[in-house]
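Here is a short report on one protein model. It covers the fold, the cores and the surface.

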Amino acid sequence: MTIRRAEEKDIPRLGELLLQVCRVHHQGRPDLFRTGGRKYDDGELRQLLRDEDRPILVAEDERGWVAGYAFCVYQRHQGEGSFNDFTTLYLDDLCVDENCRGRRVGSALYEAVLALARRTGCYNVTLNVWSCNPGAMRFYEQCGLQQQKIGMEIVL
């Protein structure tokens with residue numbers, strides 16, 4: 001398994017994986033996520049691939065097949081009220097193909113995200129995870145992540 005930066009040739013596969021993520025979220029929160037939706041369309045993916053502040057990593061097997069991705073965003077906090085100045089690498093989305101889970105693809109992607117954050121001088125790596133996705137929550141806890149803050153809601 002090789003971890004590399006995503007390229008334009010990966011857009012169709014990224015789209016397939018984005019659909020898998022939406023399916024998981026729709027199953028957990030059909031009130032928020034529609035069937036067959038994608039977080040990014042092909043045009044948005046093209047723009048993201050050119051944005052140095054939003055690196056996308058992919059896990060590619062020896063045949064060149066993309067088994068997963070990690071969408072990241074640099075968040076620079078400077079001069080913000082009571083916060084110290086720091087840079088976060090926000091893990092916007094991590095997906096492993098549903099047929100490849102349990103093969104350490106997610107762990108390899110996560111380790112690559114940590115390496116990228118360290119190499120670029122980030123203070124921390126953060127992410128959000130939906131409470132309706134207990135598998136993802138377990139994965140991130142096993143990776144050593146801890147709760148930073150908790151989002152709450154009331155549906156009206």
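## Fold

The protein has 4 helices and 5 strands. Helices (H or I, at least four residues) and strands (E, at least two) are DSSP runs, numbered from the N terminus. Their order from the N terminus is β-α-α-β-β-β-α-β-α. The radius of gyration, taken over C-alpha atoms, is 16 Å, close to the 15 Å that the globule rule gives for 156 residues, so the protein is as compact as a globular protein of that length. That rule is 2.2 Å times the number of residues to the power 0.38.

## Basis

This is a predicted model: local features need pLDDT of at least 70, side-chain atom pairs count only at pLDDT 80 or more, and totals for chains, interfaces and linings use all residues. Residues are numbered from 1 along each chain as its sequence is written, and side-chain values use heavy atoms, with hydrogens and water left out.

## Cores

A nonpolar core is a set of buried Ala, Val, Leu, Ile, Met, Phe, Trp, Tyr and Cys residues joined through side-chain atoms within 4.5 Å. Buried means under 20% relative accessible area (1.4 Å probe, protein chains only). The largest core holds 26 residues, and Leu89, Leu91, Leu94, Val113 and Tyr140 touch the most other members. H3 gives the most to this core, with 8 residues.

A second, separate core has 15 residues, including Ile11 and Phe71.

## Burial and contacts

Buried residues make up 44% of the 156 residues. Contact means heavy atoms within 4.5 Å. Of the contacts with a separation of 6 or more, 59% join residues 24 or more positions apart.

Terms used: Buried < 20%, exposed > 50% of the residue type's maximum accessible area, 1.4 Å probe, protein only.
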